[in-house]
Amino acid sequence: MVGNADVHKQETQGDSGSNARDPAGADDLLIRVFDDPAAIDAVQWNALLDAQPSSTPFMRHEYLLAMHQSASAGAATGWQPQFLCAFEGKALVAACPLYLKDHSYGEYVFDWAWADAYQRHGLAYYPKLLDAVPFTPVPGPRLLSRDASGRRLLLRAMQQFAREAGLSSAHLLFLDDADQHAARAEGWMMRSTVQFHWTQRTPEPYADFTGFLASLQRDKRKKIQQECRRVADAGVHFTELQGAQIGADDWDFFYRCYTQTYREHRSTPYLTRDFFDHMARTMAENWLLFIAWRGGERIAASLICIDPPRRTAFGRYWGAVEHVPCLHFEACYYRPLAWCIAHGYQRFEGGAQGEHKMARGLLPVQTWSAHWLAHPQFAQAVGDFLAREGAGVADYLDELNERRPFKAGL
């Protein structure tokens, strides 16, 4: 990209990228767009990720590539990869996982009303440009760069890409602090929502799950104890498998549970069985599987992503082939929390939405997305809406924080 205006794309030979010069006028940088993440050097991508102020396993090259190669997130499912990369010579200095989206499924930041408004006015909202990790509402870096100027470069490149392609908009979902600062500096509209995360107590960390329960208000503690007792009285016990301990048969059983849950909600799973084969081959160290047993048979499974270097865990997927009251809470919250405390983990993220998590010791956390709309009038209308919505989210957070589940002073 040259200067601050047009993108001048060149034909590529022997790869899946298209070339252009930096929109900010830094002629020593080459911006390339890749429609296949396999064409991007994994070592350089991951090194750039590790250099970020925050990081999660979900932005690793292996995770994003698995989405594409397993046909979970690809053009056929409405996620067309257009990964944006900036090079200085052969060195990757900035990058982000972009997708052309022709729907808003699998995002967890809901803009269906915006799309409907466009349609009512005879305008096309889709395709749109999205910087996100497919099907993964976990906050983290989305603009990989070694400095703030590189993040702003990526944002300007995204806008230029969207303009030249005639797209309605560009969006970044579940941003970390560094990306938020860059988006605000570039004038993008900010939107917030609420998740629920557990963090280890400081300066006196919980020694075990019993100690954690003791910190809760009496009614909250009794409810959790009753739920655990119901599961135990039903004859259910758990085994846990980590990393390479999770065999092919275990993955098969987990996937059976995972798809069963979607069927019960009359929905279709986002992730294919092949995606989890990729995870077993390339990121086994990042997975922890809890399996529930009754009468010698497996009846449920809860899959947790773990980040050992950062001592963080993420609740991801669950399912059951047999109904047992309160089993979901035990498998998805209590067992993972006990494991986190026992293994010195500092944070457990419970996933999108779910105010019921607060009664189980997960506290409200504000998460952020950033949005740019090409149409000036729609941008103004959305900006007004976000201002009103943001005030409501702030009030909601205040209300939640008044209902913290811990004893006074804790």
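**Entry 1: a helix pair**

I began with the side chains that helix 8 and helix 9 share: Ala-248, Trp-251, Asp-252, Phe-254, Tyr-255 and Tyr-258 in helix 8 meet Arg-273, Phe-276 and Ala-280 in helix 9. Sorted by class, this contact holds 7 nonpolar and 2 charged residues, with no polar ones. I note here that the model is a predicted one.

I then looked up the geometry, since two packed helices are described by the angle between their axes and the distance between the axes. Helix 8 spans residues 248-264 and helix 9 spans residues 273-282; their axes come within 10 Å and cross at roughly 145°. I recorded the hand of this crossing as right-handed.

**Entry 2: the chain as a whole**

I counted the secondary structure next and found 11 helices and 16 strands in the protein chain. For overall dimensions, I took the box filled by the C-alpha atoms along the principal axes, which is roughly 65 × 45 × 45 Å. I also asked how the radius of gyration compares with that of a compact globule.

**Entry 3: Phe-196 and Leu-363**

Phe-196 and Leu-363 are 167 residues apart along the chain, yet I find their C-alpha atoms separated by 5.0 Å. Phe-196 belongs to strand 10. I class Phe-196 as buried because its relative accessibility is 2%, under the 20% cut-off.

**Entry 4: Gln-52**

Which residues does Gln-52 contact, leaving aside neighbours within four places in sequence? I listed Pro-141, Leu-143, Leu-144, Ser-145 and Arg-151.

**Entry 5: backbone exceptions**

I searched the backbone with one expectation in mind: most residues other than glycine have a negative phi, and most peptide bonds are trans.

I noted two cis peptide bonds. The bond joining Tyr-126 and Pro-127 is cis, with omega about 0°. Pro-127 sits in the loop between helix 3 (112-120) and strand 7 (128-131). The bond from Thr-202 to Pro-203 is also cis, with omega near 0°. I placed Pro-203 in the loop that runs between strand 10 (189-199) and helix 6 (209-214).

I then noted positive phi values. Ala-71, although not a glycine, has a phi of about 65°. Ala-71 lies in the loop between helix 2 and strand 3 (79-81). Cys-326, likewise a residue other than glycine, has a positive phi near 75°. I found Cys-326 in the loop between strand 14 (312-320) and helix 10 (327-342). Its relative accessibility is 17%, and therefore I count Cys-326 as buried.

Definitions and conventions. Residues are numbered from 1 along each chain as its sequence is written. This is a predicted model: local features need pLDDT of at least 70, side-chain atom pairs count only at pLDDT 80 or more; totals for chains, interfaces and linings use all residues. Side-chain values use heavy atoms; hydrogens and water are left out. Axes are lines fitted to C-alpha atoms, for helices over the stretch in contact, and angles run from 0 to 180 degrees between N-to-C directions. Helices (H or I, at least four residues) and strands (E, at least two) are DSSP runs, numbered from the N terminus. A crossing is left-handed if the near helix is turned anticlockwise from the far one by less than a right angle, and right-handed if clockwise. Contact means heavy atoms within 4.5 Å. Ala, Val, Leu, Ile, Met, Phe, Trp, Tyr, Cys and Pro count as nonpolar, Asp, Glu, Lys and Arg as charged, and the others, Gly among them, as polar. The radius of gyration is taken over C-alpha atoms; the globule rule is 2.2 Å times the number of residues to the power 0.38. Buried means under 20% relative accessible area, exposed over 50%, partly exposed in between (1.4 Å probe, protein chains only).
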